[in-house]
Amino acid sequence: MITRRAFLGAGTTGAVALAFTNESLAKVAEAAARTAGTAPSDLAADETYWREIQQAFTLDRTIINLNNGGCCPSPRVVHEAFKRYLDESNQAPVYHMWQILEPNIESVRRRLAAAFGCSPDEMAITRNASEALQIAQLGIDLKPGDEVVTTNQDYGRMLDTWDARVRRHGITVKKISFPVPPPSMDDLADRLISAIGPRTKVLHFCHITNLTGQIFPVRTICDAARAKGVKTIVDGAHAFAHFPYRVQDLNCDYYGTSLHKWLLAPIGTGFLYVRRENIEGLWELTPTAASRAKDIRKFEEIGTHPAANHNAIAEALSFHEGMGGERKAARLRYLRDRWAKRLTATGRFKVHTSLDPAQSCAIGTVQVLGVDTNKAVQQLWDKWRIIATPINHAEYTGIRVTPNVYTTLEEIDTFGDAMERVASAS
Ligand SMILES: Cc1ncc(COP(=O)(O)O)c(C=O)c1O
């Protein structure tokens, strides 16, 4: 086994650099093999290693992008593949795109399904998490009076989608509230499970929220819902490739995620998981022939669309696997802790995100006490060219901060300095 010291000492860092800055996925795999003996917690603080990852991206380093919750840049190797597939398609799309590239979506499905832990026949590739979740939300048969239980911190578009069914189909929606951070994960589970009533048919909640990065105890909630005959839709927009888990750890009925967030795949990618027994009963958003009712691919019948986006997911998976999910999560928590612990120590900030590793990862939301959140975010941009996201929820306010694997310590510390200046100017 190669230790971290031996690995660095042996001068293999150059090999890692090559791996992540050229297009050779074989070299990514080689770099992963060379660092296989390094514990994620050790690697999290190894700036030599992370510098190589940082350089795998073509970024604008005159800005500090701490909004990786929106969508993320792809590493060069992914973006190059994406462009290559676009160029190839443009030769004669009816041949190069439809006949050569499009069938390869099956390789992407197979690999994504393996990473998620489901059968390829339970996974549809979508354009984003919204599409994935809306297929589930709009495709489930519900009668007037049927109830959906969710939270008032779920994603706006998903809540709007349920509201549309309230108006259109006469269902009811119950939105529970919870404190940030919550007293415990059990408290979160209790709130959702105890909200299930006799008319509840669906429970819809986030694996990890976009507002504060709170991770939910998905398995506990889904097990309880299943025991009561209630279907579960889990919004995993921010979860996949952010921190490690597999579908077996969740036990949900439907799961939707974005791949242009934490997997770093091209913009316009996501997937929908539908537990096998639910596929036939779930209507498509874009209907297909009745003969395809049991085929997960029925959800992909969206008409003409680029093959480049979904095919380059394969390179994003290779990049992710080369880095390693555990290592990535450890680094993201390391970056989050660096700014969050520093700011908490000053007494001038309130961090709304639990720093318990079971409850959060890269995303953290922090309030500058006594300062209007929108003004603070504007100052961060105007004076330091830092991009962060204002969160103005009815029950709390704060700045959402999401670094990524390409974020440097210098960028995190500049953010910390800037926040202290914003707080002391108040
Ligand atoms: C919790 C949550 N759900 C769903 C979405 C929608 O994701 P997408 O933009 O990929 O459709 C987002 C996007 O930020 C989100 O944060």
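**Figure 1. Helices α6 and α7 cross at roughly 130 degrees in this predicted model.** Helix α6 covers residues 76–89 and helix α7 covers residues 93–101. Their axes come within 7 Å. Axes are lines fitted to C-alpha atoms, for helices over the stretch in contact, and angles run from 0 to 180 degrees between N-to-C directions. Angles under 35 degrees count as roughly parallel, over 145 as roughly antiparallel, 65 to 115 as roughly perpendicular, and the rest as oblique. From α6, Y85, E88 and S89 take part in the contact; from α7, P93, H96, M97, I100 and L101 do. Contact means heavy atoms within 4.5 Å. By class, five of these residues are nonpolar, two polar and one charged. Nonpolar covers Ala, Val, Leu, Ile, Met, Phe, Trp, Tyr, Cys and Pro; charged covers Asp, Glu, Lys and Arg; the others, Gly among them, are polar. Helices (H or I, at least four residues) and strands (E, at least two) are DSSP runs, numbered from the N terminus.

Residues are numbered from 1 along each chain as its sequence is written. The model is predicted, so local features need pLDDT of at least 70 and side-chain atom pairs count only at pLDDT 80 or more, while totals for chains, interfaces and linings use all residues; side-chain values use heavy atoms, with hydrogens and water left out.

**Figure 2. Helix α5 meets helix α16.** The axes of α5 (residues 47–54) and α16 (residues 325–346) come within 13 Å and cross at roughly 100 degrees. That makes α5 roughly perpendicular to α16. E47, Y49, W50 and Q54 in α5 touch R327, K328, R331 and Y334 in α16. This contact divides into three nonpolar, one polar and four charged residues.

**Figure 3. E52 is a buried residue of helix α5.** Its relative accessible area is 10%. Buried means under 20% relative accessible area, exposed over 50%, and partly exposed in between (1.4 Å probe, protein chains only). E52 and Y406 are 354 residues apart along the chain. Their C-alpha atoms are separated by 9.0 Å.

**Figure 4. The largest nonpolar core has 80 residues.** A nonpolar core is a set of buried Ala, Val, Leu, Ile, Met, Phe, Trp, Tyr and Cys residues joined through side-chain atoms within 4.5 Å. L112, F116, Y255 and L263 touch the most other members. Helix α15 (residues 313–323) gives the most to this core, with six residues. Leaving out residues up to four places away in sequence, L112 touches M123, I125, F240, L259, L263, F271, I313 and L317. A second, separate core has 25 residues, including V366, V371, A376 and I386.

**Figure 5. Helix α15 is mostly covered.** Of its 11 residues, 10 are buried. Among them are I313, L317, F319 and M323. E315, S318 and H320 are also on the buried list. Just after α15, G324 takes a positive phi of about 95 degrees.

**Figure 6. Four strands form an open sheet in the order β9-β10-β13-β12.** The pairing is antiparallel. Two strands pair if DSSP finds at least two bridges between them. β9 (349–351) and β12 (389–393) stand at the edges, each with a single partner strand, so one side of each is left without a neighbour in the sheet. The twist averages 35 degrees from one strand to the next. Three bridges join β9 to β10 (residues 364–368). F349 has V368 in β10 as its bridge partner. α16 packs on the sheet and touches β9, β10 and β13 (396–401). The direction of α16 makes about 25 degrees with that of β10. Helix α17 (residues 373–384) lies across β10, β12 and β13, running at about 175 degrees to β12.

**Figure 7. S258 is buried in strand β7.** The strand covers residues 254–258. S258 has a relative accessible area of 2%. Neighbours within four places in sequence aside, S258 is in contact with A129, A237, T269 and G270. S258 and E131 are 127 residues apart in sequence and 9.4 Å apart in space, C-alpha to C-alpha.

**Figure 8. T414 is a buried residue of helix α18.** The helix covers residues 409–424. T414 has 17% relative accessibility. Not counting residues up to four places away in sequence, T414 touches I64, W384 and I386.
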